[in-house]
Amino acid sequence: MVRSRKAAVDIPSSGQSVWVYSRSSDPRPRVLFEQTQELLREAQNRAYLVAGVSRDMGSGRSFGRVGLQKALQAVRDGSARAMLVMDSDRLSFQTPVLKKVLECLQDYGAVLITATSDLRYELYRKGLEEYFYRRAARK
């Protein structure tokens, strides 16, 4: 059975603002720098306007990371309508932290764009896909 679902928000098209966020737990700064550069190339290829860039070096276990909070503040104040990341694990491997970030994005009408993965599959795998569809339907 194929289910049709209406998107909660539109995916940004060319010319729309995105915030580039990268995170790595690798102790070598070069890894984080290369991840950020790859995301900036991806944003350019998709013709997004980059509203800003932030990064965190370390574990994704905490919601209180400086770079992540910068990105979410840009969403809250409307300067970015999307976050561009490599994959959802760059936000957090831990489902409760990822859920909190995605709730914030959804509350402000923003979306998460993943450069190297299928976000819908990632959410399904983590048991969050249905939760966010239901949450969007209530709004």
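**Figure 1. Surroundings of Ser22 in the predicted model.** Not counting residues up to four places away in sequence, Ser22 touches Leu32, Gln35, Thr36, Leu39, Ser54, Arg55 and Asp56. The structure shown here and in the other views is a predicted model. Ser22 belongs to strand E1. The relative accessible area of Ser22 is 0%, so this residue counts as buried.

**Figure 2. The whole chain and its confidence.** Five helices and four strands make up the elements of the chain. Read from the N terminus on, these elements follow the pattern β-α-β-α-β-α-β-α-α. Of the 139 residues in the chain, 45% are buried. The accessible surface of the chain is about 7,800 Å², and carbon and sulfur atoms account for 51% of this surface. Taking the contacts between residues at least 6 apart in sequence, 77% join residues at least 24 apart. The average pLDDT of the chain is 89, and 89% of the residues score at least 70.

Figure 3. Over residues 1–10, pLDDT stays under 50. The model has 10 contacts beyond four places in sequence for residues 1–10. Where pLDDT is low, the predicted coordinates should not be read in detail.

Figure 4. An open sheet is formed by four strands in the order E2-E1-E3-E4, with parallel pairing. Strands E2 and E4 (111–114) stand at the edges; each has a single partner strand, so one side of each is left without a neighbour in the sheet. From one strand to the next, the twist averages 25°.

**Figure 5. Strands E1 and E3, with helix H2 on the sheet.** Two bridges join strand E1 (residues 17–24) and strand E3 (residues 82–85), which pair in the parallel sense. Opposite Val20 stands Leu84 in E3. Helix H2 (residues 66–76) packs on the sheet and touches E1, E2 and E3. The direction of helix H2 makes about 155° with that of E2.

Figure 6. The phi of Ala47 is near 60°, which is a positive value in a residue other than glycine. Most residues other than glycine have a negative phi. With a relative accessible area of 37%, Ala47 is partly exposed.

**Figure 7. Aromatic pairs.** Two aromatic pairs are found in the structure. One of them is the tilted pair of Tyr121 and Tyr124, with 6.4 Å centre to centre and 35° between the planes. Tyr121 and Tyr124 are three residues apart in helix H4 (residues 119–125), so about one helical turn separates them. Tyr121 is partly exposed, at 47% relative accessibility, whereas Tyr124 has a relative accessible area of 56% and is exposed. Tyr131 and Phe132 form an edge-to-face pair, because their planes stand at 85°; the ring centres are 4.9 Å apart. Phe132 is buried, and its relative accessible area is 9%. In general, a pair of aromatic rings is described by the distance of the centres and the angle of the planes.

Definitions and conventions
Residues are numbered from 1 along each chain as its sequence is written. This is a predicted model: local features need pLDDT of at least 70, side-chain atom pairs count only at pLDDT 80 or more; totals for chains, interfaces and linings use all residues. Side-chain values use heavy atoms; hydrogens and water are left out. Buried means under 20% relative accessible area, exposed over 50%, partly exposed in between (1.4 Å probe, protein chains only). pLDDT is the predictor's confidence in each residue, from 0 to 100. Contact means heavy atoms within 4.5 Å. Accessible areas come from the Shrake-Rupley method with a 1.4 Å probe; for residues, only the protein chains shown count as cover. Two strands pair if DSSP finds at least two bridges between them. Axes are lines fitted to C-alpha atoms, for helices over the stretch in contact, and angles run from 0 to 180 degrees between N-to-C directions. Rings of Phe, Tyr and Trp (its six-membered ring) pair if their centres lie within 6.5 Å; planes under 30 degrees apart count as stacked, over 60 as edge-to-face and the rest as tilted.
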